[in-house]
Structure formats: structure tokens, C-alpha cells
Amino acid sequence: MKENLLLLVSLLLGITIGAFDLAPMWLHNASLPMIILSLLVLQVGMGVGSMDNLGRMIRSIHWQMFLLPACTIVGTLLFTSLAFLFFSNHKLGDIMAIGSGFGYYSLSSVLIAQMKTITVGPAQATQLATIALLTNVVRELLALFGCKYFTRKGSCFAAISIAGINSMDVCLPSILRAANDKTLVPVAVFHGIILEISIPMLIAFFCQ
């Protein structure tokens, strides 16, 4: 929760700085988003590589474990496409790129800002990135606070799917507590890793 509030405050602070043209020149460097993105991807790789049970989890992988992230990706994209009915003034590809964040608000917003700046300009790219940020923050909060409800009404797999990428970190304790089943750890972590890998590819595809 503190991280989300910090992110929201940062967003409001950025809007204020931009509105009053207070940003220093180095912040307008076009290569800055790519540098930040590279650092984020580096951090993701370090996080995956430093997992204590990475080797055991890799050895426990079997083909059925791909079904859950595949269903999450297909279901999320289908549901996201419905938003085009209400926001037809936006391109379908832009809406699908926003939905492809799977709860990873920091990475998806930076990626969209970077890729869309080239085609639609910084103003519209920033707008799309802000929508992606808020959309994926809401998904994380919904998964975090609704975990018990989704487990009871659906199943533990429903809770993992809704959590998106957060099934392997932020929402994992809530999922395990709601399902009361620690054997879900490899499934939830593997689900999060596959989604994390898919995010840059899907966003790049839809931002074309």
C-alpha cells in the first residue's frame, strides 16, 4: 500500500512539475526512458536469478503449468478488448497495450511511454502511460484485497490469475493464506515469471 501511495504522489508531483515547466533539461533527454527501462529489466533479471528455490522450481516445471499463464493472457486480452466499445476514440492497439501490463504498472507505463512517444508524440504517450499506470495499480489492489473472495467464489487459480504478475511477490502471501495450500508456490511464481516475460513482447506488438 505504501508503495502505491508513493507512486501516486510521484505521479501528482510529476504532473505539477510539468504543468509549471519546472523540469530540468536532463529530464527531457529522449534516451532517459530507455535507460530506466534497461535498469528495470536488469532488476527483473536479478530478482529471478536470486530466487533461493529457482533451481527446484525449474526442475518442477511441467507442461500443464503453462496453461494458467496462457489462460490469464488470453482472458485478460479478451476482457481488455471490450474496453474498446467504451473508448472507441482510442486505437484498439493502445488499449490492448494498456491491458498487457498484467499488474506490472512500473514496467508497462515506462514501456508504453517509450514506444508511443515515437509515433504519437510525448503528450499522448504520457497520457497512455498514465492510464496504464493507474489501470495496473487498480488490478494489483483488486487482487490484493479481493484475494479471499476470488478464492472462495472461484478457486485458488482464479486468485493467481487475477493477481497477474503479482502472484509471485506482492499477492503471494495473500493467495497462500486464502487457499491454505503452500503447494501453490511454484504455480504462482511460475505464473508471474511467464507473464513478466510476456509483457515487453505484447506491449511492443500492440504499440506498433
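This is a short walk through one protein chain, from its overall make-up to a few single residues.

First, a caution. The model is predicted. Please keep that in mind throughout.

Let's start with the whole chain. There are 208 residues, and 40% of them count as buried. The secondary structure comes to 10 helices and 0 strands. Read from the N terminus, the elements run α-α-α-α-α-α-α-α-α-α. Now the contacts. Take those between residues at least 6 apart in sequence: 72% of them join residues at least 24 apart. And the surface? The chain exposes about 12100 Å², with carbon and sulfur atoms supplying 72% of that area.

Next, helix H6. This helix covers residues 105-120, which is 16 residues. How far apart are its end C-alpha atoms? They are 21 Å apart. At 1.5 Å a residue the helix should span 22 Å, so the two values agree. Which residues of H6 are buried? They are Tyr105, Leu107, Ser108, Ser109, Val110, Leu111, Ile112, Gln114 and Lys116. Here is a general point for reading such a list. An α-helix has 3.6 residues a turn, so residues three or four places apart point the same way. After H6 comes Gly121, and its phi is positive, near 95°.

Stay with Lys116 for a moment. Side chains of opposite charge can pair when their charged atoms come close. How many salt bridges does the structure hold? It holds 1. The partners are Lys116 and Asp94, whose side chains meet at 2.9 Å, N to O. Lys116 sits in helix H6 and Asp94 in helix H5, so this pair ties together parts that are 22 residues apart in sequence. Are the two partners buried or exposed? Lys116 has a relative accessibility of 3%, so this lysine counts as buried. Asp94 is buried too, with a relative accessible area of 5%.

On to the loops. One is Asp21, in the loop between helix H1 (2-19) and helix H2 (32-49). Its phi is near 55°, a positive value in a residue other than glycine. The other is Phe102, in the loop between helix H5 (92-99) and H6. Phi of Phe102 is near 50°, again positive in a residue other than glycine. Which way do their surroundings go? Asp21 has a relative accessible area of 63%, so this residue is exposed. Phe102 is at 0%, so this one is buried.

Now the aromatic rings. A pair of rings is described by the distance of the centres and the angle of the planes. The count comes to 3 aromatic pairs. One of them joins Phe66 and Phe190, edge-to-face, at 5.0 Å centre to centre with 90° between the planes. Phe66 lies in the loop between helix H3 (54-59) and H4, while Phe190 lies in helix H10 (residues 185-206), so the pair ties together parts 124 residues apart in sequence. Phe66 is partly exposed, at 42% relative accessibility. Phe190 is buried, at 5%. Another pair is Tyr149 and Phe150. Their ring centres are 5.8 Å apart and their planes are at 70°, so this pair is edge-to-face. Tyr149 is partly exposed, with a relative accessible area of 45%. Phe150 counts as buried, at 18% relative accessibility, because the cut-off is under 20%.

Which residues make the nonpolar surface patch of about 650 Å²? They are Phe79, Leu82, Leu85, Phe86 and Phe87. Take Leu82 from that group. This leucine lies in helix H4 (residues 67-82). Its relative accessibility is 42%, so Leu82 counts as partly exposed.

One last stop: Ala178. This alanine is in helix H9 (residues 172-179). Ala178 is partly exposed, with a relative accessible area of 29%. What does Ala178 touch, not counting residues up to four places away in sequence? The answer is Cys147, Lys148 and Thr151. Gly146 is 32 residues away from Ala178 along the chain, and their C-alpha atoms are separated by 10.0 Å.

To recap. The chain has 10 helices and 0 strands. The salt bridge links Lys116 and Asp94. Thank you.

How values were computed: Residues numbered from 1 in each chain as written. Predicted model: local features only at pLDDT ≥ 70, side-chain atom pairs only at ≥ 80, totals over all residues. Heavy atoms only, no water. Helix = DSSP H or I, 4+ residues; strand = E, 2+ residues; numbered from the N terminus. Expected span 1.5 Å × (residues − 1). Buried < 20%, exposed > 50% of the residue type's maximum accessible area, 1.4 Å probe, protein only. Patch = residues over 30% accessible without salt bridge, like charges linked within 9 Å, V, L, I, M, F, W, Y side chains within 5 Å. Areas by Shrake-Rupley, 256 points an atom, 1.4 Å probe, with all protein chains shown as cover. Salt bridge = Lys/Arg side-chain N within 4 Å of Asp/Glu carboxyl O. Phe/Tyr/Trp six-rings, centres within 6.5 Å; stacked < 30°, edge-to-face > 60°. Contact = heavy atoms within 4.5 Å.
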